[in-house]
Amino acid sequence: TGAVPTLSLASSKIYKWSDRAFVEHQVLQGAFCAVDLEAFVIDSVQFLAYASSCSQSVIFRWDGAGFVEHQTLTHTHTHTARAPLLTSDFEAFVIDAVQYLAAGYISLEISNGAATYHDTTNSTVYRWSRDRFVEHQSLATSG
């Protein structure tokens, strides 16, 4: 029989360079199952997009001492109730001085002890608007 994949709920940590080595600086609260981190700057403020394979993805903002939760990204597209969309990748980019964030999604269904990845789903491009990301465009993706 096929093994059911297990997900680690280990917290994600931020490390800081200190003299000759990296030392733990912060544990990201509510951030589990990291599959991608994307750092970017908007108006001189550092942000960190956190893609999770087992929970909602989060945008963190640097407040001078550490990263704090700024926004939880929710998407309006789902595959099925049994196969929710999970963020697999983030890419940040700027066009004409406007910040965008592309979120690649996968759909994972676990049924009868077997995991099935659905390779056709919609991914989303978000656009920065005032103080948060809003959905800008949905893209049909596969693979």
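**Exercise 1. Which residues do ring pairs link into a cluster?**

Solution. Ring pairs link Phe40, Phe47, Trp128 and Phe133 into a cluster. Rings of Phe, Tyr and Trp (its six-membered ring) pair if their centres lie within 6.5 Å; planes under 30 degrees apart count as stacked, over 60 as edge-to-face and the rest as tilted.

Before going on, a word on what you are looking at. This is a predicted model, in which local features need pLDDT of at least 70 and side-chain atom pairs count only at pLDDT 80 or more, while totals for chains, interfaces and linings use all residues. Residues are numbered from 1 along each chain as its sequence is written, and side-chain values use heavy atoms, with hydrogens and water left out.

**Exercise 2. How many aromatic pairs does a search of the whole structure find, and why is the pair of Trp62 and Phe67 edge-to-face?**

Solution. Start with the total: the search finds 8 aromatic pairs. Next, take Trp62 and Phe67: their ring centres are 5.0 Å apart and their planes stand at 70 degrees, so this pair is edge-to-face. Then look at exposure, where buried means under 20% relative accessible area, exposed over 50%, and partly exposed in between (1.4 Å probe, protein chains only). Trp62 has a relative accessible area of 31% and is partly exposed, whereas Phe67, at 12%, is buried. Finally, turn to Trp128 and Phe133: the centres are 5.0 Å apart with planes at 75 degrees, so that pair is edge-to-face. Both Trp128 and Phe133 are buried.

**Exercise 3. Find the residues of the largest nonpolar core that touch the most other members.**

Solution. A nonpolar core is a set of buried Ala, Val, Leu, Ile, Met, Phe, Trp, Tyr and Cys residues joined through side-chain atoms within 4.5 Å. The largest has 14 residues, and Phe40, Ile59, Leu73, Phe90, Leu101, Tyr126 and Phe133 touch the most other members. The elements giving two or more residues to this core are β3 (34–42), β4 (45–52), β8 (98–111) and β10 (120–129). Apart from it lies another core of 7 residues, among them Ile14, Leu28, Tyr50 and Phe60.

**Exercise 4. How many bridges join strand β5 to strand β6?**

Solution. Strands are DSSP runs (E, at least two residues), numbered from the N terminus, and two strands pair if DSSP finds at least two bridges between them. Here 6 bridges join β5 (residues 57–62) to β6 (residues 67–73), and the two run antiparallel. Arg61 stands opposite Val68 in β6. The strands form a hairpin with 4 residues between them, and Gly64 in the turn has a positive phi of about 105 degrees.
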